[in-house]
Amino acid sequence: MDQAAVEALTAGLSALVERGEAPGAIVRVEQAGRRLADVRVGYQDVASGRPLAADSLFRLYSMSKPITSVAVMILAEQGLLTLEDPAGRFLPEFSDLRVYESGGVDDIKTVPVRRPPSIADLLSHTSGITYHFTGATPVHQYYRKHGVLRDTPVGRLPGDGPPARTLDELVARIGKAPLLRQPGEGFDYSYSTTVLGAVIERVTQRRLDAALRALVLDPLEMTDTGFFVEDGDLTRLVTNYAALPGGLVPIETAESSEYRDHSRLLDGGGALAGTAGDYMNFCRMLAEGGVFKGRRLLSDASLEQMMVPRVRAEAPPLSVPFGYGFALGDAATEAAGLLPAGTISWGGSAGTYFAVDPKAKATVLLMTHVLAPPPVEVGVAMRKLANRAALALIAR
C-alpha cells in the first residue's frame, strides 16, 4: 500500500507537469524520523528544462509566517514580551489606530479602537489589519491608493500606489490606515505577521534577518533560508510562474529576482526563501513537540497555545480553525482534502504547503513555484495529492 501511495502521488504530480499546468514539485512525508515519501518531479525552469533539485530554493511567501510566529513565542518564553501586550507598546506608530465606519476611499469615516490590538491578535490575524489583495472594501482601496503594501507580484495592480521601501515605512503606513474592523472581532488575512516582524526588531534591537537567524533558523540548521539569495546561489533559485487559463507564465526569473536586492523590505509574513530540506527541519521540530535533534527550541506550553483554536479563518479555499500562526485541521478540512485533521499547517502564495501532526509525529511538505489565481486550481490539486499520499502513508 505504501508503494502504491507513492506511485499515485508521483503519477498525479507528473501529469500536472506534463500538461503544462505546474512547473514541478517536491513532496516529502515523514513520521517519527522515518521518511515515507520523497517525490520530485518537473522543472526548476521550464524553458531551459532545468530539473528541480533536492536543494532548489523556493519562495516561501506566507510559509514565512509560522517561522516568524514561532520566533514571537520564543521571545515570550524569554520574558521579552507577553501575548497580552498591546502592539503599541513596541510600535508607537500604532498609538492612534482607528476603525473604518463608513464612506468611500476618499471620504472614509472612522471611530476609535475599543481596545488596541495585542500581540495575540497579530498572531491570530484578528488585529483589524488586512492585505491590499483580499477584498475591495474602501479599506482595501485605501491600502492600494496609499501604498500600504510591499513590492511583490502577489496581488499587485497597475494603479496601486508606490509600495513601502522598508519595514518601518510599511508599519507607519499601516498605523495611519483605517482598521477593517475592531481588534478581536474576527479573522482577516493580513500584514499582521509582517507587523510581528517589526515587533521582533524593536524587542531584540536587531534587524529581522539577524533576529530570525538567531532565534529559529540557526538552531534548526536552516542554513539555506533567508530574505536574500546571493549570486553564487542563483542557479538554485526556481523561476516563479503564474498559472493562467492559457498555461504557465514566468513572472520572475532568478536573474530578475527581488531576492538579490539587499535593500528589500524584510517581511516576516511573506519574504523568506528556502529549500525543502530546511523547511523539513522546521516541521520536524513541530512534530517533535518543540525539540530538534535533542535540543528544545519551543516549550510544550507554547506549542499547545499555538494549537488552541482562536478564530475561524476564511481564506479560500480554506475555511478552518486558526490558532497562533497556524491553521488547525479538523474533520471538515480533511474531508475536503485540504488539511488532515489534527494537524497544524499553512501555505504560501506560490503553492507551498505543510501540515504537521504532533500527536502522530508526522509531516507532509509540498514545495512548488506557481501562483494560481482563480479559476485555475493547480495549487489545490497538488495539495490534495500530497494529503492523499500522507493519509495513506502515516500511521495515526
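Let's start at a turn. Strands E15 and E16 make a hairpin with five residues between them, and Gly 351 in that turn has a positive phi of about 95°. Helices (H or I, at least four residues) and strands (E, at least two) are DSSP runs, numbered from the N terminus.

A word on the model. It is predicted, so local features need pLDDT of at least 70, side-chain atom pairs count only at pLDDT 80 or more, and totals for chains, interfaces and linings use all residues. Residues are numbered from 1 along each chain as its sequence is written, and side-chain values use heavy atoms, with hydrogens and water left out.

Back to the strands. E15 covers residues 344-347 and runs antiparallel to E16, with four bridges joining them. Two strands pair if DSSP finds at least two bridges between them. Gly 347 has Tyr 353 as its bridge partner in E16.

On to E17, residues 362-368. E16 and E17 pair antiparallel over five bridges. Phe 354 stands opposite Leu 365 in E17. These two strands also form a hairpin, with four residues between them, and Lys 361 in the turn has a positive phi of about 55°.

How many of the residues in E16 are buried? Five of five, across residues 353-357. Buried means under 20% relative accessible area, exposed over 50%, partly exposed in between, with a 1.4 Å probe and protein chains only. Tyr 353, Ala 355 and Asp 357 point one way; Phe 354 and Val 356 point the other.

Now the core. A nonpolar core is a set of buried Ala, Val, Leu, Ile, Met, Phe, Trp, Tyr and Cys residues joined through side-chain atoms within 4.5 Å. The largest has 125 residues, and Ile 119, Phe 282 and Phe 354 touch the most other members. Helix H8, residues 276-287, gives the most to this core: eight residues. Leaving aside neighbours within four places in sequence, Phe 282 is in contact (heavy atoms within 4.5 Å) with Pro 66, Ile 67, Val 70, Val 216, Leu 220 and Met 222. A second, separate core has seven residues, including Leu 57 and Tyr 259.

Last, a helix pair. The axes of H6 (residues 192-204) and H7 (residues 208-217) come within 9 Å and cross at roughly 80°. That makes H6 roughly perpendicular to H7, a label for angles of 65 to 115 degrees. Axes are lines fitted to C-alpha atoms, for helices over the stretch in contact, and angles run from 0 to 180 degrees between N-to-C directions. Gly 197, Ile 200, Glu 201 and Thr 204 in H6 meet Leu 208, Ala 211, Leu 212 and Leu 215 in H7.

Conventions
Angles under 35 degrees count as roughly parallel, over 145 as roughly antiparallel, 65 to 115 as roughly perpendicular and the rest as oblique.
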